[in-house]
Amino acid sequence: MLRNLSLGFTGLEDLNDPFEGTNFGFSDTGSIPARNAIRVFKGHFSRKFAVSSLTRNPLNSLMWSHYGDSHRGVVIGIDAEECGLTSNEEFIIPAQLGEIIYVSTKNKDLNGVPSQNHLDELRASMVFNPDIKNYLKQAFLYKSLEWGYEEEVRVIKSLTDFKFGYHSTEDQLLTNDGRWNKVRNNYLGQPMFCYKIPESGIKEIYLGANVYRNVARIEEGANAQRVKDNLDFLKSFGCKLFRCEPDVQTWDLMSVEL
């Protein structure tokens, strides 16, 4: 992210929660089972849109454990507006509208019984009428209450304007202005749509509590130089640089500015 000044967006079905995109609230009393309709809708939204997941809190210990390489990683703090993530023209759901809604129960019977015509129209049409926007919110902005610790905010991008979509295999530049490109995770086979952000939009960098423990183990020869080069690279952004450490008197993480 820092070296390429880009923010990654991924498909709905490539996220780590299998319940993503299953909150459409179809009734299960028609000729098309609700399970089948939800599968079609989830597949559609995963191919037509991409999501970037952000969090409000850089000092959440669970987030560091689950997404920060067991406190050995890095958290990058950005200004959403300065990075263009609040643009209604660029994003179908910009950051200021992407607050995740955490609920204990799913929608039920909200959208009635799905018909074949209903599914065919969904596949063929990308007109953002009120129904489509409503489905977008249900697909992307609802999660189980147990995920509430993430304090997640999402930004959703429509892929319909891109020449190369989800299934194209090679890395591609997607827009003439160079703001979007697609790269493929060779290990998982998943595409990632990368959005260029300005260096000035990066405001804070946090080093995990276990970063320095790892540094101490490898601080010899070439490894020591690599560690120094990486830290110098982080400092070159001119933003606030912190290291995290556990507070000895509470269960909270503290940040100490370097």
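A nonpolar core is a set of buried Ala, Val, Leu, Ile, Met, Phe, Trp, Tyr and Cys residues joined through side-chain atoms within 4.5 Å. Keep that in mind as you explore this predicted model.

**First stop: the largest core.** Select F9, L85, W180, F193, I202 and I205. Among the 25 residues of the largest nonpolar core, these touch the most other members. Now colour strands β1 (6–9), β9 (191–196) and β10 (202–207): each of them supplies at least two residues of this core. Which strand gives the most to this core? That is β10, with three residues.

**Second stop: another core.** Next, pick L15, F24, F41 and I93. They are included in a second, separate core, which has 22 residues.

Along α1, the buried residues are A34, A37, I38, F41, K42, H44, F45 and S46.

**Last stop: the sheet.** Return to β10 and show its sheet, an open one of four strands in the order β3-β10-β11-β12, with mixed pairing. At the edges stand β3 (74–78) and β12 (253–257); each has a single partner strand, so one side of each is left without a neighbour in the sheet. From one strand to the next, the twist averages 30°. Zoom in on β10 and β11 (residues 240–246): these strands run parallel and are joined by four bridges. To finish, select Y206 and find F242 of β11 standing opposite.

Technical notes
Residues numbered from 1 in each chain as written. Predicted model: local features only at pLDDT ≥ 70, side-chain atom pairs only at ≥ 80, totals over all residues. Heavy atoms only, no water. Buried < 20%, exposed > 50% of the residue type's maximum accessible area, 1.4 Å probe, protein only. Pairing = 2+ DSSP bridges. Axes fitted to C-alpha atoms, helices over the stretch in contact; angles between N-to-C directions.
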